[in-house]
Amino acid sequence: MKKAVLITGASSGIGAASALEFSKNGYFVYLMGRSRERLENVALKCSHGASLLACDLTKAAEVDKRILEMTSVKIHRVEALVNCAGIFERHNTVSGSDDLWQRHFEVNLLGPVRITRGLFPYFEQQGGGSIVNVSSTVGLRPQGPTSAYAAIKAAMINWTSSLALEGGPLKIRANSICPGIVDTPIHNFNSLSGAQKNEALEKMKDLQPLGRIGTPEDIAKAIYFLGSDLSCWTTGAVLAVDGGINL
Ligand SMILES: NC(=O)c1ccc[n+]([C@@H]2O[C@H](COP(=O)([O-])OP(=O)(O)OC[C@H]3O[C@@H](n4cnc5c(N)ncnc54)[C@H](OP(=O)(O)O)[C@@H]3O)[C@@H](O)[C@H]2O)c1
């Protein structure tokens, strides 16, 4: 059976780049996100096949339906799950409303929990699987106005450790990846162009000892490492891919 991966947040940024990385390595890719149009654009570039699972992670019934759709197709062996979907809204503790906290919690933590809960019994039945949770360097060390986002990304890292403990005896691995600043639509500067964008990038470059912010492809390679058998004896790890920003 052909090996496959489920990637959430696959319609954009790091998730889209990860889809292409797994595809390049022969995987069939299940692409999850809300925008069917953007998922279709990514699917067109996946040379080993792709299927769209359009849904909103905040809607439990939709998520369950999509997982069932995917696991009932017996022509692929889903070996990896990449929980990549996420939102980020600038705020601090005083400006962050209950609604903002709730949104971050629903998309950045409860959504990944829902997907994982749906797929875990499938992994157990097939004798293993690999879960990659996309957290953030601010989940390790908060910076700037990111209070709810940072707290919830920290919770994701801790939850991943629980998953690694629960999954170990079942050969289900779980690892966290912590990207630094990556040039994707989650940041306002991503939509700037020309001189304005160059100026923004120039201002940020010295934050990283490696002298630049990241690309989605930088993170996708590390996600592929953790999702595939390349990391077969790695579980419960927290891998920062951040140009050294937290130093
Ligand atoms: N870029 C960075 O600097 C950075 C740094 C550290 C961590 N991260 C993390 O990396 C992950 C990917 O972010 P990115 O930078 O690639 O941002 P992005 O380009 O904005 O992608 C975010 C993805 O999440 C999906 N998404 C958002 N809300 C959703 C919902 N309710 N239901 C289903 N899907 C939803 C979006 O798809 P639709 O809009 O189609 O639903 C999109 O595919 C996030 O978890 C983010 O926190 C990013």
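Reply: **Helix α1 and its surroundings**

Let's start where the helix ends: α1 is followed by G26, whose phi is positive, near 95°. Helices here are DSSP runs of H or I with at least four residues, strands are E runs of at least two, and both are numbered from the N terminus. Bear in mind that this is a predicted model, in which local features need pLDDT of at least 70 and side-chain atom pairs count only at pLDDT 80 or more, while totals for chains, interfaces and linings use all residues. Residues are numbered from 1 along each chain as its sequence is written, and side-chain values use heavy atoms, leaving out hydrogens and water.

How much of α1 is buried? The helix is mostly covered, with 9 of its 12 residues buried, where buried means under 20% relative accessible area, exposed over 50% and partly exposed in between (1.4 Å probe, protein chains only). Those buried residues are I14, G15, A16, A17, S18, A19, E21, F22 and S23. Their cover includes strands β1 (2–8), β2 (28–33), β4 (76–83) and β6 (172–179), along with helices α2 (36–44) and α7; contact means heavy atoms within 4.5 Å.

Rings of Phe, Tyr and Trp (its six-membered ring) pair if their centres lie within 6.5 Å; planes under 30 degrees apart count as stacked, over 60 as edge-to-face and the rest as tilted. By this rule there are 6 aromatic pairs. One of them joins F22 and Y27 edge-to-face, at 5.0 Å centre to centre and 85° between the planes, and both residues are buried. F22 also meets Y224: the ring centres are 5.0 Å apart and the planes stand at 75°, so this pair is edge-to-face. The F22–Y224 pair links distant parts of the chain, with F22 in α1 (residues 13–24) and Y224 in α7 (residues 216–227), 202 residues apart. Y224 is buried, with a relative accessible area of 12%. Together, F22, Y27 and Y224 form one aromatic cluster.
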